[in-house]
Structure formats: structure tokens, C-alpha cells
Amino acid sequence: MQKSTYIFFVITFFVVSCVPLSKFTELKKKSDACTEENANYKAENEKLQVSNTEFKSQLDMLTVEKDKLIRDSVTIYKQWKQLQFDNNKLQQEYQYLQQSQDNLSKGNARETTKLLSQLQSTQEDLQKREDQLVEKKRNLDALTLELDKKNRRMKEMEQVLNRKDSVVN
């Protein structure tokens, strides 16, 4: 009798301890959904990490290019300042020569011809330097504009990178 009682308790224990099929199915569906959602999140995370790496690379390239543009701008600015100085010096020389020409026009024709050739040479040199000064100014303005565009683009990239980092974290 003990054996049959023992078997009865064992069978009762297994029957009572079993999870109903509907509950098992529901848990299986939830588990599958969680597994699929986890896989989707992992794939999205991987895409975001790749995107983040690309943006960091672009940011590094833009930073290097910005630094180069700044160096170029400084160099052109120095050249422009030197040309301005040279231009002022030439204008002073021109004024001196112009005054000398006026004084010599009253005097001897040979010295007048000499001064006129010097004046013409100085005028041509002055015109060349003024043209160079204008060109350098245009280049400086163009580089400044390009630098501003790059700075705006770099700020946009940093914002995108920060948003991506906050999504990843």
C-alpha cells in the first residue's frame, strides 16, 4: 500500500507542478519577442557605432583641414600686411618723385626725362603691387568664408556625433 501511495503522490506532484500549455506558449512568445527585440537593438547599436566611427573620422579630417585653412589664412594675412606696407612705401616714393618731377620740369630736360622714367617704373611697380594686394585680399576673403563654412559643418557634425553618442549610451 505504501508503494501505491508513494506512486499516487509522485503522479499528483508531477500533475500539479506542470505548467499549463497556454502559460508555456505565452512565455515562449514573450521570450521569442524579447530575443528578437534584443537582436534588433544589437543590430541598431552596431549601425550606430559604425556611424559614430565614421563621424569621428570626418570630424578629424575636418579639424585637420580647418587647421590648415587657419595657417593659410594667417600666412596670407601676413603677406597682405607686407604688401600694404610696401604699397604705402611706394606711394610715398611716388609722391616724392611726383614732387621732384614738378620741380625738375622747370629745370633741365635731361633730368626731367630720367625722373619721368623712374616715375613710370615706380607707377608700374605700384600698380603691380596694388593688383597683388587686391588678389591677396580676395584670397583671404575666400579662405575666411571657407573656414566659416567648415566651422559650421564641424559644429553640425559634433552635434550629430553627440546625439549618436547619447543614443548609444
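Glu135 is partly exposed, with a relative accessible area of 36%; partly exposed means between the cut-offs for buried (under 20% relative accessible area) and exposed (over 50%), with a 1.4 Å probe and protein chains only. Glu135 forms a salt bridge with Arg138, their closest N and O atoms being 2.9 Å apart; the term stands for a side-chain nitrogen of Lys or Arg within 4 Å of a carboxyl oxygen of Asp or Glu. This is a predicted model, in which local features need pLDDT of at least 70 and side-chain atom pairs count only at pLDDT 80 or more, while totals for chains, interfaces and linings use all residues. Residues are numbered from 1 along each chain as its sequence is written, and side-chain values use heavy atoms, with hydrogens and water left out.

**The chain as a whole**

- The protein chain has 3 helices and 0 strands; helices (H or I, at least four residues) and strands (E, at least two) are DSSP runs, numbered from the N terminus.
- Of the 169 residues in the protein chain, 19% are buried.
- Among contacts with a separation of 6 or more, 84% join residues 24 or more positions apart; a contact means heavy atoms within 4.5 Å.

**Salt bridges**

- The structure holds 9 salt bridges.
- Arg138 and Glu135 are 3 residues apart in helix 3, so about one helical turn separates them.
- One network, joined by salt bridges that share partners, takes in Asp86, Asp125 and Arg129.
- Within that topic, look at Arg129 and Asp125, whose side chains meet in a salt bridge at 3.6 Å, N to O.
- Both Arg129 and Asp125 lie in helix 3, 4 residues apart, which is about one turn of the helix.
- Arg129 counts as partly exposed because its relative accessibility is 26%, and Asp125 counts as partly exposed at 29%.
- Glu26 pairs with Lys30 in another salt bridge, with the closest N and O atoms 3.6 Å apart.
- Glu26 and Lys30 are 4 residues apart in helix 2, so they are separated by about one helical turn.
- Glu26 is partly exposed, with a relative accessible area of 38%.

**Nonpolar cores**

- In soluble globular proteins, nonpolar side chains tend to be buried together.
- The largest nonpolar core here has 7 residues: Phe55, Leu59, Leu62, Met154, Met157, Val160 and Leu161; such a core is a set of buried Ala, Val, Leu, Ile, Met, Phe, Trp, Tyr and Cys residues joined through side-chain atoms within 4.5 Å.
- Helix 2 and helix 3 (109-168) are the elements that give two or more residues to this core.
- Helix 3 gives the most to this core, with 4 residues.
- A second, separate core of 5 residues includes Leu69, Ile76, Leu140 and Leu143.
- Leu62 is in contact with Lys150, Arg153, Met154 and Met157, leaving aside its neighbours within four places in sequence.
- Asn52 lies in helix 2 and counts as buried because its relative accessibility is 10%.
- Not counting residues up to four places away in sequence, Asn52 touches Leu161 and Asp165.

**Around Trp80**

- A pair of aromatic rings is described by the distance of the centres and the angle of the planes.
- The structure holds 1 aromatic pair; rings of Phe, Tyr and Trp (its six-membered ring) pair if their centres lie within 6.5 Å, and planes under 30 degrees apart count as stacked, over 60 as edge-to-face and the rest as tilted.
- Tyr77 and Trp80 form this tilted pair, 5.9 Å centre to centre with 40° between the planes.
- Tyr77 and Trp80 are 3 residues apart in helix 2, so about one helical turn separates them.
- Tyr77 is partly exposed, with a relative accessible area of 39%, whereas Trp80 is buried, with 15%.
- The charged end of Lys137 sits over the ring of Trp80, 5.3 Å from its centre; this term requires NZ of Lys or CZ of Arg within 6 Å of the ring centre and within 35 degrees of the ring normal.
- Lys137 is also 9.7 Å from Gln79, C-alpha to C-alpha, although 58 residues separate them in sequence.
- Gln79 is found in helix 2 (residues 21-105) and counts as partly exposed at 31% relative accessibility.
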